[in-house]
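Work through the exercises below with the model open. Try each task before reading its solution.

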Amino acid sequence: MDTRTDLIAQLFNVVGRFRRQLRRSTGSGFDTIGVTQSQAEMLRLVGRQPGISVREAATELALVPNTASTLVSKLVADGLLTRTVDADDRRVGRLRLTEPAQRIADESRAERRAALSEVLDELDPGRLESLERGLEVLAEMTRMLHERQP
């Protein structure tokens with residue numbers, strides 16, 4: 001890379017292409033049912049963490065609470081998500097996928113993991129180590145960006 005601008009452009013390019021290609025390579029998951037990317041991210045998160053609160057989901061997805069609440073309301077209305085009252089604190093809403101949505105999430109996750117496992121098997125140990133180090137850097141950058149949010 002010649003400049004920081006080149007590095008930034010390369011980062012956007014690689015991360016974006018990786019996500020799009022993984023989605024294309026493994027089927028569409030939630031894309032097949034007509035939800036937005038934000039809605040699909042919420043559904044995938046709840047699929048990974050059943051019982052997560054609306055507030056925790058907002059934090060995890062770096063959304064303001066009102067935006068998360070709007071997403072949740074739409075997904076509940078569409079029959080993809082259930083929101084129940086927490087047994088210990090009635091102000092807290094707990095989220096779970098409906099059975100059809102959970103099935104899509106499980107199948108999509110399995111397809112993505114299988115595709116990634118296949119390509120990881122093709123990498124030599126040195127490339128795998130480089131990938132691990134790169135992921136640590138991306139995690140650190142994500143934390144830093146999150147801390148800078150107002």
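**Exercise 1: The pocket**

Five helices, α1 (4-25), α2 (37-48), α3 (54-60), α5 (99-122) and α6 (125-147), each give at least two residues to the lining of the largest pocket. This is a predicted model: local features need pLDDT of at least 70, side-chain atom pairs count only at pLDDT 80 or more, and totals for chains, interfaces and linings use all residues. Residues are numbered from 1 along each chain as its sequence is written, and side-chain values use heavy atoms, with hydrogens and water left out.

Task: Describe the largest pocket by volume and lining.

Solution. 
1. On a 1 Å grid over the protein atoms alone, a pocket is an open set of points where a 1.4 Å probe fits, with protein on both sides within 12 Å along at least five of seven lines; lining residues have an atom within 4 Å of a point.
2. Take the volume, the space filled by probe spheres set on the points. The largest pocket has about 2600 Å³.
3. Take the lining. It holds 46 residues, and Val-15, Phe-18, Arg-19, Leu-135 and Leu-138 lie nearest the centre of the pocket.
4. Find the main contributor. Helix α1 supplies the largest share of the lining, 15 residues.

**Exercise 2: The whole chain**

Task: Give the order of the elements, then the extent, surface and charge of the chain.

Solution. 
1. Assign elements as DSSP runs, numbered from the N terminus: helices are H or I with at least four residues, strands are E with at least two. The chain has six helices and two strands. Their order from the N terminus is α-α-α-α-β-β-α-α.
2. Box the C-alpha atoms along the principal axes. The box is roughly 55 × 35 × 25 Å.
3. Compute the surface by the Shrake-Rupley method with a 1.4 Å probe. The accessible surface is about 10700 Å², and carbon and sulfur atoms hold 53% of this area.
4. Lys and Arg are positive, Asp and Glu negative; His and the chain ends are not counted. The mean positions of the 23 positive and 23 negative charges are 6 Å apart.

**Exercise 3: Buried or partly exposed?**

Task: Are Thr-98, Gly-29, Ala-62 and Glu-107 buried or partly exposed?

Solution. 
1. Set the classes by relative accessible area: buried is under 20%, exposed over 50%, and partly exposed in between (1.4 Å probe, protein chains only). For the chain, 25% of the 150 residues are buried.
2. Thr-98 sits in the loop between β2 (93-97) and α5. Its relative accessible area is 14%, so Thr-98 is buried.
3. Gly-29 is in the loop between α1 and α2. Gly-29 is buried because its relative accessible area is 16%.
4. Ala-62 belongs to the loop between α3 and α4 (65-77). At 41%, Ala-62 is partly exposed. Ala-62 is not a glycine, yet its phi is positive, about 55 degrees.
5. Glu-107 is part of helix α5. Its relative accessibility is 46%, so Glu-107 is partly exposed.

**Exercise 4: Contacts and distances**

Task: Which residues do Thr-98 and Gly-29 touch, leaving aside those within four places in sequence?

Solution. 
1. Count a contact when heavy atoms are within 4.5 Å.
2. Thr-98 contacts Gly-79, Leu-80, Leu-81 and Thr-82.
3. Gly-29 touches Ile-104 and Ser-108.
4. Gly-29 and His-146 are 117 residues apart in sequence and 27 Å apart in space. Glu-107 and Thr-26 are 81 residues apart in sequence and 9.7 Å apart in space.

Key
The place of a charge is taken as NZ of Lys, CZ of Arg, CG of Asp or CD of Glu.
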